[in-house]
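Colleague: I would like to learn how to read this structure. Could you walk me through it, feature by feature?

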Amino acid sequence: MSVLETLGAVPVINAGGRLTALGGSTLSTAVTDAMAEAGRGYCDVADLKRRAGAWIAVRCGADDAYVTTGAAAGIALMVAAVVAGTDPVRVASLPDSVEPNRILILGGHMIDFGAPLEQMVRMGGGRPLAVGSVNRATAAELRARLAAGAVAAVLFVRSHHAFQRDMPDLPTVVDAARQAGVPVLVDAAAEEDLRASIAAGAALVAYSGGKAFEGPTSGFVAGRSDLIDGCRAQEAGIGRPMKVGKETIAGLVAALAAHAHRDPAAEEARRDAIVSTLIEGLGSVDGLRVDREADEARPSIVRVGMALAPEAGFALPELVAALRGGTPPVYVRTHHLAEGRITLDPRPLEPAEAEVVVRRVREEAARLRHAGRD
Ligand SMILES: *Cc1c(COP(=O)(O)O)cnc(C)c1O
């Protein structure tokens with residue numbers, strides 16, 4: 001019996017995406033083997049962290065890198081690195097801090113990724129300050145905030161959560177910050193491109209290990225070596241409750257190595273086959289309108305969108321609840337539920353699971369339609 005079975009935790013079919021709430025990603029045997037092997041022995045963990053950091057840094061085109069528990073920890077540590085640096089007294093005082101400790105964030109980047117971004121900034125001793133509004137900010141507003149002083153860094157978010165339209169882009173932000181002598185920190189939690197932010201001039205960038213890279217629950221920060229030293233220095237302070245062990249480090253490195261050697265064409269073909277299974281299986285269901293849907297931020301990610309025809313006889317939230325409540329539970333992507341759409345993400349699905357999703361959606365839609373008529 002597995003530990004999950006012992007606990008009575010029910011396995012679910014994840015058609016929602018690489019969602020933390022459903023366990024992030026599944027781990028390859030290369031990753032679990034690396035974790036098990038690292039877990040069975042001892043090593044000098046500080047030395048292992050430095051070596052892993054150097055290895056990751058090469059992949060990012062950065063000077064150095066630091067392994068964290070996730071991107072949220074990475075955000076707090078990046079801020080701590082620019083606010084307290086390696087000074088032992090300042091490190092021990094966080095989250096209390098002295099100026100310069102303002103962290104500028106574009107209005108559209110003040111996101112909640114499951115927790116408020118702002119709060120991660122405050123944990124690291126930063127004073128978050130919005131530039132512009134939620135739906136519009138200008139380079140002139142950013143320059144004015146920078147000129148007002150006491151700014152430790154600008155924090156830029158690359159994410160589908162963030163509002164990017166009518167916001168200065170990263171090169172513009174880097175340019176303005178550089179003129180003010182202020183570093184730019186990037187939250188690239190779910191991004192796949194390891195080099196883009198550093199190449200654009202970011203001083204530090206934070207990633208999740210368990211999202212695009214399909215690693216264990218983990219993350220890393222890459223960038224300037226003095227600031228990575230600043231992240232490392234927080235182990236004597238706020239970094240302690242964000243501690244990673246040797247098995248996490250080993251799993252993350254194995255995942256990044258596997259990711260570098262993946263075959264994007266084969267992966268796309270696999271995803272296309274799953275999308276086709278879903279479209280073919282669900283296209284003929286009465287009341288459902290099914291089509292291919294490209295991700296707004298990353299059009300290479302194609303999902304299956306589902307909406308209801310007016311004659312459906314039931315509401316979309318009912319279908320979502322029925323899919324979760326049945327056997328096996330099926331979780332769909334509900335980011336656009338308020339707009340009357342749900343989405344199936346092919347990435348976490350195995351071909352056999354896609355067949356089960358088709359069966360469950362057909363059954364539940366038929367049952368709800370029938371119940372609606374009674
Ligand atoms: C997921 C996410 C985070 C948090 O990352 P964790 O690795 O779960 O800590 C932060 N920012 C953005 C934009 C995210 O998508």
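Predicted model: local features only at pLDDT ≥ 70, side-chain atom pairs only at ≥ 80, totals over all residues.

Colleague: What is the angle between α2 and α11, and how far apart are their axes?

Modeller: An angle over 145 degrees counts as roughly antiparallel. Here α2 (residues 29–40) and α11 (residues 246–260) pack at about 150°, and their axes are 8 Å apart. The crossing of α2 past α11 is right-handed.

Colleague: Which residues make the contact between α2 and α11?

Modeller: From α2 come Ala30, Val31, Ala34, Met35, Ala38 and Gly39. On the α11 side you will find Lys246, Glu247, Thr248, Ala250, Gly251, Ala254 and Ala255. Sorted by class, this contact of α2 with α11 has 8 nonpolar, 3 polar and 2 charged residues.

Colleague: Now another pair: at what angle do α7 and α8 pack?

Modeller: Helix α7 (residues 139–147) meets helix α8 (residues 170–180) at about 25°, with the axes 10 Å apart. That angle makes α7 roughly parallel to α8, and their crossing is right-handed. In the contact, Ala139, Leu142, Arg143 and Leu146 of α7 face Thr172, Val173, Ala176, Ala177 and Ala180 of α8. The classes here are 7 nonpolar, 1 polar and 1 charged.

Colleague: How many bridges pair β2 with β8, and in which sense?

Modeller: There are 5 bridges between β2 and β8, in the antiparallel sense. To find one of them, look for Thr68, whose bridge partner in β8 is Gly219.

Colleague: How are the strands of the 3-strand sheet arranged?

Modeller: The order in this open sheet is β9-β10-β12, with antiparallel pairing. At its edges are β9 (288–294) and β12 (342–344), each pairing on one side only. From one strand to the next, the twist averages 30°. Strand β10 (residues 302–308) is joined to β9 by 7 bridges, and Leu308 in β10 is the bridge partner of Leu288.

Colleague: Which helices touch or lie across β9, β10 and β12?

Modeller: Helix α12 (residues 264–282) lies across these strands, at about 160° to β9. Helix α13 (residues 316–325) packs on the sheet too, touching β9, β10 and β12, and its direction makes about 40° with that of β12.

Colleague: Last topic: how is a pair of aromatic rings described?

Modeller: The description uses the distance of the centres and the angle of the planes. This structure holds 3 aromatic pairs. In one of them, Tyr207 and Phe220 are stacked, at 5.1 Å centre to centre with 20° between the planes. Tyr207 lies in strand β7 (residues 204–208) and Phe220 in strand β8 (residues 219–223), so the pair ties together parts that are 13 residues apart in sequence.

Definitions and conventions:
Residues numbered from 1 in each chain as written. Heavy atoms only, no water. Axes fitted to C-alpha atoms, helices over the stretch in contact; angles between N-to-C directions. Helix = DSSP H or I, 4+ residues; strand = E, 2+ residues; numbered from the N terminus. Parallel < 35°, antiparallel > 145°, perpendicular 65-115°, else oblique. Left-handed = near helix turned anticlockwise from the far one by under 90°. Contact = heavy atoms within 4.5 Å. Nonpolar A, V, L, I, M, F, W, Y, C, P; charged D, E, K, R; others polar. Pairing = 2+ DSSP bridges. Phe/Tyr/Trp six-rings, centres within 6.5 Å; stacked < 30°, edge-to-face > 60°.
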